[in-house]
Each structure stands twice: as structure tokens, then as C-alpha cells.
Amino acid sequence: MGAAVLRGLGLLLAAVLTMWPTVAFASPATVVPVGRAVGIKLFSDGVVVVGTSDIATDGGNVNPAKACGLREGDIITHINSTEVDTIEEVSSLLQELEGKTMSIRAIRDEKQVQLTAQAVLCSADGAYKLGAWIRDSMAGIGTVTFYCPETGAFGALGHGINDVDTALLMPLESGSILPATVAGVEKGAAGTPGQLKGVFDTKTTLGLLSANTAGGVFGTMTNGKWAQGVPVEVAQRNEVKAGSATILTNISGERVDEYQVEIVKVFPESESDCRDYLIKVTDQRLLDATGGIVQGMSGSPILQNGKIVGAVTHVMVDDPASGYGIYVGRMLRHSGAA
């Protein structure tokens, strides 16, 4: 299994094209395990460079972005002295500058870089362009893991939202979670991960995001009634053992059901790897409906002996009945709660 290909379950992301402050709340002794699917919208802090391309000009093809040193994965935060967070803001500034020399401030490998560039006039549409493909937002479906009624805080996904092209953690400017209905399931099979198909209500906001981290996305509920349920104790790491467990997940409509799984192995704690458990779906109902673990189930809470122990995070592409989970205490630490 060590050589198995992994797929993050997390948002079934549709790239649209936005660093998040950390959320701080008191470490809870109990939380409400949720397991409901939500729509998640994230807007980046700056714009992410996902590639470069040549621009056709009257003088031939040129690539100003590549020529000035921009690289895939760079996060452009300023053009000259103006902060930019959207594709529209970048395009507008390029038209105003009309090809004049400009400075670009960007984040690369968590360090600031300063570059000098000149946009060129595209002969095809008469617009000034830099030759950089950029992204400023993402949207998709994921699952809420827990809710803290005392503080209104929630955690979801169990892993971060990464850019689909660069695989880098998206820097958060703002974001929200929205009500979602699971309309169907694309069943998983060996070599082909399945996925939940859903529709979200873009007119209603359930909560606001405040952190996008390797251990999940976090924020505060604006509608606590949506996540009402019976609180359970948060398990200590040494309480989690290999053996039977259950997950709460939403694979049809808005209904959350409990399914049997097995924690096959509990891995030693690692600061660099958020895969804390190897899990396997044993419930035939879930296997028949989804083939096991599918994309969109990321964040489904894992329960053992009446306590919340973690969340589902990844599926093994060559064995969709198996995957990985994250310890709930790790999620709480990433959220700033512990």
C-alpha cells in the first residue's frame, strides 16, 4: 500500500481564480461532529501564477512574464504600489500602464521577490497582457468535520485547499461555506477516484472562513442552527487504537448517515505529514453506494468509542475502499484551538 497513489478528497474544485489569518478559539473538551456537505468558496490574497504563455504581437511572439522572471507558483501581491487580489484588478492596471515599465511584488517560497516587467499589446484583441495565467479563487464541495457551539467555530476538510495546477496551498483573503445538497455520486473504482456531485445555494452563507492550513479549513459559523447536534468528547491521541470505528458522511441530499469503518493502523505523530490513520470502509451500504471513499467526503468525522478521533482526508486511488485520516487534535492545533 505504501506505493499507492493518493488523492485528496477535499474540494471538488472548479478553478475560478485569493493568505488567511489564523482563527483562535479556546481548545474544546467537546465538539459537535457534523459530517454535512457544504459549498466552499475561497478568494486568494494576491493572484497565483499557474503558468505563462507567449503573446502574439505585431513584432512576433513574446512572453513578458517569463522574461521578467515570474514562475509558476508565484503569488503576485502588488503591481507598482497597488495591491492586487483579483484577475480584474491586474488586467485593469495593465491597460492603464499601456506597456510602461512596472514593478511586480510577489511571494515565492514564503519570501518576497521584486521583479520588473513590461506588458505588451496583443495583436489579437488589442489588450495589454503580461503572458501569465493567474488564479484568484476556487469553489467546490467539501464536508464539515466539527462545530463548537460555545464559540461558533468550525473545521472542515482535514487538509488544505491547494491550487489545482501548482499544488500549492492557496493564500486566503476571504471565503465562506454555503448550504449544499448532494445530487449524485460518481462511484469510485480502482484507478479512478469517485466523487460527490452537489449543488450549493450561493445566496446563503453558513459561515466565514478564516484559515486555510495543511490540517483543514477553519472559520466561524454565522448560522449555528445548521450544525446543531449532540456534542461528543474529543479523543486524546493515545486513546485512538486500530479497530472498528464509524464515520459520519453525507452522500445523498442533506442527510448524514453513520457507516462502519476500520482504523487499520495508527501512525506515529509527524509534524510534516497529516496522515495519522490508515482507514478502510467495511460498511457494505457505503461500498455499494460509492465504492468506498470518494472526493467530497473529505472532512467526514471519524468516531471511535463515542469520541471524535479525526476526519477522512484521502483515498487510495488503486483501492477506493481505503484511505487516510487526520487526528482531530491536529485539526484543532491547525485551527489555533490547541
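Modeller: First, a definition: a residue counts as buried under 20% relative accessible area, as exposed over 50%, and as partly exposed in between. Keep in mind that this is a predicted model.

Let us take strand β25, which covers residues 319-327. The strand is mostly covered, with eight of its nine residues buried.

Now look at its partners. Strand β24, residues 307-316, pairs with β25 in the antiparallel sense. Six bridges hold that pairing. A hairpin of two residues leads from β24 into β25. There, methionine 316 stands opposite aspartate 319 of β25.

Strand β22, residues 277-281, is another partner of β25. These two strands also run antiparallel, joined by four bridges.

Next, move to tyrosine 324, which lies in strand β25. A search of the whole structure finds one aromatic pair. Its rings belong to phenylalanine 267 and tyrosine 324, with centres 6.0 Å apart. Their planes meet at 35°. Planes under 30 degrees apart would count as stacked, and over 60 as edge-to-face. The angle falls between those limits, so this pair is tilted.

Tyrosine 324 has a relative accessible area of 9%, so tyrosine 324 is buried. Phenylalanine 267 has 22%, which means that phenylalanine 267 is partly exposed.

Tyrosine 324 has a charged neighbour too. The charged end of arginine 275 sits over the tyrosine 324 ring, 5.2 Å from the ring centre.

The largest nonpolar core has 40 residues. Phe146, Ile247, Tyr277, Ile302 and Ile308 touch the most other members. Strand β24 gives the most to this core, with five residues. Phenylalanine 146 has contacts that include Val31, Phe218, Ile308 and Leu332. Another core lies apart from the largest one. That other core has 24 residues, among them Val38, Val48, Tyr147 and Phe154.

To recap, β25 pairs with β24 and with β22. Its tyrosine 324 forms a tilted pair with phenylalanine 267, and arginine 275 has its charged end over the tyrosine 324 ring.

Terms used: Residues are numbered from 1 along each chain as its sequence is written. This is a predicted model: local features need pLDDT of at least 70, side-chain atom pairs count only at pLDDT 80 or more; totals for chains, interfaces and linings use all residues. Side-chain values use heavy atoms; hydrogens and water are left out. Buried means under 20% relative accessible area, exposed over 50%, partly exposed in between (1.4 Å probe, protein chains only). Two strands pair if DSSP finds at least two bridges between them. Rings of Phe, Tyr and Trp (its six-membered ring) pair if their centres lie within 6.5 Å; planes under 30 degrees apart count as stacked, over 60 as edge-to-face and the rest as tilted. A charge sits over a ring if NZ of Lys or CZ of Arg is within 6 Å of the ring centre and within 35 degrees of the ring normal. A nonpolar core is a set of buried Ala, Val, Leu, Ile, Met, Phe, Trp, Tyr and Cys residues joined through side-chain atoms within 4.5 Å. Contact means heavy atoms within 4.5 Å. Lists of a residue's contacts leave out its neighbours within four places in sequence.
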